[in-house]
Amino acid sequence: MRTIIEPFRIKMTEPIHLISQSERIEALKKAHNNVFLLAAEDCCIDLLTDSGTGAMSAKQWAALMLGDESYAGSRSWKKFKSTVKNITGFSHVFPTHQGRAAEGILAQTQISPNDVIPNNSHFDTTRANIEFVGGKAVNLLCDEGLNTTLESPFKGNMHLEKLKKCIEDVGRARIPFCMMTVTNNTGGGQPVSMANIRAVKEILKEYDIPLIIDACRFAENAYFIREKEAGYQDKPLLEIAQEMFSYADGATMSCKKDGLANIGGFLVCNDDQWAETFQNALILREGFPTYGGLAGRDLEVISVGLMEALEYDYQVYRHATVEYLGNKLRERGIPHVRPVGGHAVFLDARAFVSHVPPLQYPGIGLVNALYIAGGVRGVELGSVMFGKFNKAGQEVPAPLELVRLAFPRRVYTQSHFDYLVEIIQEVWERRSEISGYRITYQPKFLRHFTSHFERV
Ligand SMILES: *Cc1c(COP(=O)(O)O)cnc(C)c1O
């Protein structure tokens with residue numbers, strides 16, 4: 001098979017630099033050993049997130065100039081609304097400045113204290129928004145999803161029996177809605193099958209519980225369905241996406257992912273009463289309903305980006321980059337989540353740094369080692385991000401200790417990935433030198449962003 005090439009050429013460049021190792025050590029110290037607190041210019045290959053870090057296409061840059069900045073009823077809004085309606089099929093569309101604003105409005109308007117929100121796996125901002133209004137966010141990931149080495153096609157699926165049991169235990173009255181995250185970011189960027197979405201909807205229908213899709217990577221998920229699920233091989237990604245949304249009652253979206261934009265999001269639904277409460281909250285928190293939290297030019301860029309994300313050639317290339325890194329790691333026996341996800345490779349920090357116990361945060365040790373070794377910035381998805389405290393106030397580790405290397409869209413080339421492989425290998429060979437950490441400062445919510453760490 002021939003090399004899968006980037007389906008674009010580069011029209012504009014942006015320099016990146018590798019500062020010296022002693023400068024990296026100093027920079028990390030100043031950042032309290034938390035890579036979120038590093039200056040971006042001190043990171044050479046920045047894989048902290050795929051969120052809002054993508055490169056726009058020439059068509060998007062051209063669309064930007066068409067932005068209609070009228071306060072109400074702009075041309076750009078019409079374009080945005082019709083694109084979102086075409087893909088999702090929902091009648092009410094609310095633009096927000098990013099995904100968490102959509103989540104915040106949903107949580108604030110629909111969740112009462114002690115309500116329970118099931119999901120295959122809640123993303124960190126989703127969980128925080130639910131907990132902030134007194135709700136409980138529960139993860140009901142399928143068993144395969146917890147096995148980091150099992151080669152199985154849809155490891156992001158919801159556990160159907162656990163969902164039924166959860167509804168029976170909690171009762172319909174305390175479950176205002178159920179969510180499904182596609183692809184499952186937290187669970188390793190793993191896809192959700194159409195059959196699973198359909199089955200979840202069937203269960204929820206019995207109890208009249210609405211289904212909300214966390215749609216951030218809907219196009220990547222549609223690509224996985226086309227490649228791996230019987231019956232979808234000849235379907236355009238747009239049709240697959242439309243079918244995914246057809247089983248839901250609403251969706252939250254971060255356009256910083258599969259909107260191929262640097263900012264933006266939306267909240268959509270069919271229910272008129274929900275829409276009224278969303279609209280009131282939107283006006284209070286984000287802006288007038290025809291622009292929400294966005295400028296007209298953003299609405300233009302997102303309208304183009306959402307459709308580009310559904311181009312098959314783009315998804316083939318996108319997935320090839322993730323596979324490329326995954327295959328290199330497999331050849332070298334470096335532990336990572338199999339199969340690779342849609343937007344990232346997840347190193348298995350528990351296996352990689354097996355000498356560091358979970359509550360000394362092996363993921364932080366690995367992230368920091370990658371930065372010192374090569375100026376590579378990844379992120380911990382383990383006990384710092386997802387750890388909890390039990391009733392006695394003791395810290396309970398997360399089920400998995402992962403380090404995510406997220407791939408910005410259309411940004412890095414093959415040589416960047418080859419360099420990355422070299423750095424990971426170097427850290428792997430010297431893994432016994434990686435130390436654990438303790439937290440010296442932490443905030444109440446979303447602690448991974450701003451915590452301070454100290455070597456144990
Ligand atoms: C990024 C993300 C969000 C939040 O979106 P923001 O635009 O960062 O606010 C929610 N859910 C998932 C699955 C995400 O990946």
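In this predicted model, an oxygen atom of the ligand sits 2.8 Å from an N or O atom in the side chain of Lys-257. Taken alone, the ligand would expose 380 Å², and the protein buries 98% of that area. A nitrogen atom of the ligand has a polar side-chain atom of Asp-214 at 2.7 Å, while a polar backbone atom of Gly-99 is found 2.9 Å from an oxygen atom of the ligand.

Stepping back from single atoms, we can look at the whole shell around the ligand. It is made up of 15 residues, and the closest are Arg-100, Asp-214, Arg-217, Ser-254 and Lys-257. Sorted by class, this shell holds 7 polar, 6 charged and 2 nonpolar residues. Which helix gives the most to the shell around the ligand? That is helix α4, spanning residues 99–110, with 3 residues.

Another part of the model shows how two helices pack. Packed helices are described by two values, the angle between their axes and the distance between the axes. For helix α7 (residues 160–170) and helix α8 (residues 194–207), the angle is about 20 degrees and the axes are 10 Å apart. Angles under 35 degrees count as roughly parallel, and α7 and α8 are therefore roughly parallel to each other. The crossing also has a handedness: α7 passes α8 in a right-handed manner.

Key: Residues numbered from 1 in each chain as written. Predicted model: local features only at pLDDT ≥ 70, side-chain atom pairs only at ≥ 80, totals over all residues. Heavy atoms only, no water. Near = heavy atom within 4 Å. Polar contact = N/O pair within 3.5 Å; in protein donor to acceptor, adjacent residues only side chain to side chain. Areas by Shrake-Rupley, 256 points an atom, 1.4 Å probe, with all protein chains shown as cover. Helix = DSSP H or I, 4+ residues; strand = E, 2+ residues; numbered from the N terminus. Nonpolar A, V, L, I, M, F, W, Y, C, P; charged D, E, K, R; others polar. Axes fitted to C-alpha atoms, helices over the stretch in contact; angles between N-to-C directions. Parallel < 35°, antiparallel > 145°, perpendicular 65-115°, else oblique. Left-handed = near helix turned anticlockwise from the far one by under 90°.
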